[in-house]
Amino acid sequence: MATITLNGRQVEVPDGLNLIQAAEHAGVTIPHYCYHPGLPIDGNCRMCLVEIEGARGPQISCNTFVKDGMVVKTDTPAVEKMRKGVQEFLLLNHPIDCPICDQAGECRLQDYYMEYGQYENRSMVPKVEKNKVVDLGPLVVLDQERCILCSRCVRFCESVTETGELVIAGRGDKSRIETFPGMELDNPYSGNVVDLCPVGALTSKDFRFKQRVWFLNTTKSVCVGCANGCSVNVDHRAGMTYRYKPRHNAQVNEYWMCDAGRLSYKALNDNRLYGALVDGDEQPIGIALDAVIAKVKAAVAEFGPDAVALVGSAHATLESNFVLKRLAAEVLKTSKLFGATLTPDGEGDDFLIKADKTPNRKGLEFLGYQQSAEALKAAVASGTVKVLIAMDNDLVGEGGPEWAQLFKSVPFTVFMTKHHTPWAEMANVTLPIASHVEQFGSFVQAKGVLQKVMKAYDAQGDAIPSWELVSSLARALGTDFGYDDVEQIWTDMSAAYEALNGMSFYGIPETGHQLPVAEMVGK
Ligand code: SF4
Ligand code: SF4
Ligand code: FES
């Protein structure tokens, strides 16, 4: 630790921090544009200038590191004047098109102008005009006039993706961001440059002009696009998600997320199932549930508990899979509980993207689920399964014709799903469930980090979280688990699994909790 004097106050800060971080640590914000904690320092914008006792003139705080005994001032009239001057310089050629800029509400130029700028325009010459709506790649559009040349986007492509698509071309007031000749910004992480850009120069083709940011609400969640489980913020309004943005999590995704994951929010809005289907026709949920209960009871009475097979899912939360496991063990007493999820592997890389496109395979492992597809196949092929209930697991859509054929041989199939899929039409009963942003729950990502998702809004229609649906099946079959809230599930789950002892849902840190991966063999 180092002790520094910040604006007359002695504060202790960890060694190795720069002054922006150190001040932040002490609750003081130093304005900055070009500095980003996930990128190499460039020190080009000069917005972070501060006074340091004994230094020759003002110093940039992004590239000055704490030393014991340092005396730093961030709030003197001289510092304020410098910030005002930097703002005036940056806005010299910046078009004042804030009312139509998609970054309005999230733009540091606007924010800092209100805080430090507020000057009369002294410029006597017209602004330098540059190109607008420059198509950089599949996800990103550039407005060269709005760019303040902070080089964050260039540094991202140089040091994070190491793809080098972006350059600063030209000199002086003709300098501009461009793609390197013959290249486009199409690396799998390209969307991050939009988040990085401190002003409205880089915008997302997908998001721009869809919503003003001040109408959106933000909820902390994780991306369910692959087993990495990147921490994200979900931006939503009136029951509709408009975008994912990466949320800093040092042990999972740093500051970034991949493009495929970024766009995967669309599945939350599209092709959703909000009502129950019986033999492919819409029916009230009560009728559908009654049909399931009747079939389960009849199958158990005639063939014994093992006539009912349950299939958990690497797409469903830990809580839902835990409750399903209780239904199997304590209510139905069937040994036919599977976790086989047939989602095919996709592309992976050695950065964030995992080939496994499910968010909770480790969670199933943790709960001790039998995940072999062969075991499920053998059970179904044996003809002993009379009722098959699959939770949030599209075994037909993802398994293909072979599995479709196999499930046709089961007299009664029940599918709990978020989406209309071929199996939703084919199952005897299809029940609508909530997506991960429509409920509280948790997932265990590839390295064993347990992360929670918070509810952004209610699901529409009859869709409810799958643990609620499973609980109501249990109740109808004679056992009330008494679960109205995930916290109650956690009381039982943390008692049942040593690695969760003493934990509660709301107690899971926002950046997750590392489970002991080596010991991840559940009961
Ligand atoms: S486009 Fe944005 S991130 Fe890139 S240099 Fe310009 S202002 Fe900075
Ligand atoms: S790496 Fe995986 S979890 Fe992360 S954003 Fe991409 S798809 Fe989502
Ligand atoms: S943040 Fe320090 S110079 Fe830009």
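Colleague: In which helix is Asp492 found?
Modeller: This is a predicted model, in which local features need pLDDT of at least 70 and side-chain atom pairs count only at pLDDT 80 or more, while totals for chains, interfaces and linings use all residues; side-chain values use heavy atoms, with hydrogens and water left out. Residues are numbered from 1 along each chain as its sequence is written, chains are lettered from A and ligands numbered from 1 in the order in which they are written. Helices (H or I, at least four residues) and strands (E, at least two) are DSSP runs, numbered from the N terminus. Asp492 belongs to the run of residues 486-496, helix H16.

Colleague: Is Asp492 buried, partly exposed or exposed?
Modeller: Buried means under 20% relative accessible area, exposed over 50%, and partly exposed in between (1.4 Å probe, protein chains only). Asp492 has a relative accessible area of 29%, so it is partly exposed.

Colleague: With which side chain does that of Asp492 make a polar contact?
Modeller: Contact means heavy atoms within 4.5 Å, and leaving aside neighbours within four places in sequence, Asp492 is in contact with Phe322, Arg326 and Tyr483. A polar contact is a pair of N or O atoms within 3.5 Å; within protein, one must be able to donate a hydrogen and the other to accept it, and residues adjacent in sequence count only if both atoms are side-chain atoms. At 3.1 Å, the side chain of Asp492 has such a contact with that of Arg326.

Colleague: What share of the chain is buried?
Modeller: The chain comes to 16 helices and 23 strands, and its C-alpha trace spans about 90 × 50 × 35 Å along its principal axes. Of its 523 residues, the buried share is 55%.

Colleague: Where does ligand 1 sit?
Modeller: On a 1 Å grid over the protein atoms alone, a cavity is a set of points where a 1.4 Å probe fits but cannot get out, and a pocket is an open set with protein on both sides within 12 Å along at least five of seven lines; lining residues have an atom within 4 Å of a point. A molecule sits in one of these if more than half of its atoms lie within 2 Å of its grid points. For ligand 1, the place is the second largest cavity.

Colleague: How many charged residues are in the shell around ligand 1?
Modeller: A residue is near a molecule or strand if one of its heavy atoms lies within 4 Å of it. For ligand 1 there are 13 such residues, the closest being Cys147, Cys150, Ser151, Cys153 and Cys197. Ala, Val, Leu, Ile, Met, Phe, Trp, Tyr, Cys and Pro count as nonpolar, Asp, Glu, Lys and Arg as charged, and the others, Gly among them, as polar. The shell has 11 nonpolar residues, one polar, and, as to charged residues, one.

Colleague: What is the distance of the polar contact between the side chains of Ser190 and Asp259?
Modeller: Ser190 lies in the loop between strand S9 (176-179) and helix H5 (192-196). Its relative accessibility is 0%, so Ser190 counts as buried. Its contacts beyond four places in sequence are Leu139, Val140, Leu185 and Asp259. The side chains of Ser190 and Asp259 meet in a polar contact of 2.7 Å.
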